[in-house]
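Good morning, everyone. Please look at the screen. I will start with a term and then go inside.

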Amino acid sequence: MTDITVPEVDMATAVPGPTLHDFEEARVRVARVAQLTPMESSRYLADLVGAPVHLKCESLQRTGSYKIRGAYNRLSQLSPEERARGVVAASAGNHAQGVAFAARELGIKATIFMPVGVALPKLQATRQYGAEVILRGHTVEEPLRAAAEFAQATGAVLIPPFDHADVIAGQGTLGLEILDQVPDIETVIVPIGGGGLAAGVASALHQKLALQGRRIRVIGVQAAGAAPYPLSLQSGVRQSVVTSPTIADGIAVATPGELNFEIIRSIVDEVVTVTDDDIARALLVLLERAKLVVEPAGAAAVAAIVTGQVVNSGVTVAILSGGNIDPQVMERVISRGLAASDRYVKLRVMLPDRPGQLARIAELISEANANVVEVMHTRHGRNALISEVELDMSIETRGPEHVQRVLERLREAGYDPRIDS
């Protein structure tokens, strides 16, 4: 995990990009389409942090994410001539839906480029909002290039997902909303991809609270497999990274936005990274403890809490930025989260090759109150002696302490179980 601390700046220092007046005006526009999303509290997360923790549920926003805010704010300010030319955008899903929805509301033709293999619910929703969808490439960067080429060839107005003052101002309306709901906020945790949400929320809160003589601590969170911000902040200039496959596709961006980086460098306090296993554990926490369905990118802020990277934070708000998750992906992520939490464990045991041994192992595991869900019993394991068989099994447990009790029970019976990672 990477933890980058950004130098403090004077509260009186002007923040690049939108002014507080811009955010307030954007809020009026965005209110025409965006819902006031709930603010939930979490005792479980509060116990981990040692301070009150609130969850801003943009996962329950129209179109399933905060993206509708920036998209509508940008499109609503297009001139009649620009509207007549139509708009084009590229996205793995949430920005696509935001632009498609905003375009429909404003009577503008929208063309959206999305990567091949995009989650089916996001693809269907974008089409249902009335946009023409063109599938191109296998990463977010390829549809972005295709959209830029389309704009140049047709004259359609390109709507960037994060690097535009109007988009940042729209996303920043979320910050003003958070302040209304949690006036005593001290820390906000924000997922970061290109930086539109983090730049907007951080700037709006920073400028609003500066009028009260208060500071806000802002912690940004990136997926470890797509984290250009730590490197960029460390070097002082924007850097590109080669992204690795990640379940958090909504924040898998290789290069920070130009304006976004300037804002984040100025006022965001820390940027931390979380792994896919961390995110899967966070999704499981949100499902079990908060009864909330959130997409992987939307759970990044909670993952930072679960991994112990948020301490001494005071009253904290974690932004759940989106809830658009494919049920098939959810099934895989839940399994990953169970494994990461030691609730689903694979064991390997070498057994004497004689009758009754498999039944004896099952009996011991049952006595330890664990449940066997899958078994492979073979004489052909590479590590087995001629007189042994290899037993690989998957078991359900209640967590790390329970796993240790299962292992101890097997060892007491004379076996040598090993956790198979």
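First, contact: it means heavy atoms within 4.5 Å. With neighbours within four places in sequence left aside, V302 is in contact with L45, L55, A282, L286, A318 and L320.

A word on the source. This is a predicted model, where local features need pLDDT of at least 70, side-chain atom pairs count only at pLDDT 80 or more, and totals for chains, interfaces and linings use all residues. Residues are numbered from 1 along each chain as its sequence is written, and side-chain values use heavy atoms, with hydrogens and water left out.

Now, where does V302 sit? The largest nonpolar core has 36 residues, and V302 is among those that touch the most other members, along with L45, L55, I189, I305 and L320. A nonpolar core is a set of buried Ala, Val, Leu, Ile, Met, Phe, Trp, Tyr and Cys residues joined through side-chain atoms within 4.5 Å. Buried means under 20% relative accessible area, with a 1.4 Å probe and protein chains only. Which helix gives the most to this core? It is α13, with 7 residues. Helices here are DSSP runs of H or I, at least four residues; strands are runs of E, at least two; both are numbered from the N terminus. Apart from this core lies another, of 32 residues, including I185 and V271.

Step back to the protein chain. It has 16 helices and 15 strands. Of its 421 residues, 55% count as buried. The C-alpha trace spans about 80 × 50 × 40 Å along its principal axes. Among contacts between residues at least 6 apart in sequence, 74% join residues at least 24 apart.

Note on methods. Buried < 20%, exposed > 50% of the residue type's maximum accessible area, 1.4 Å probe, protein only.
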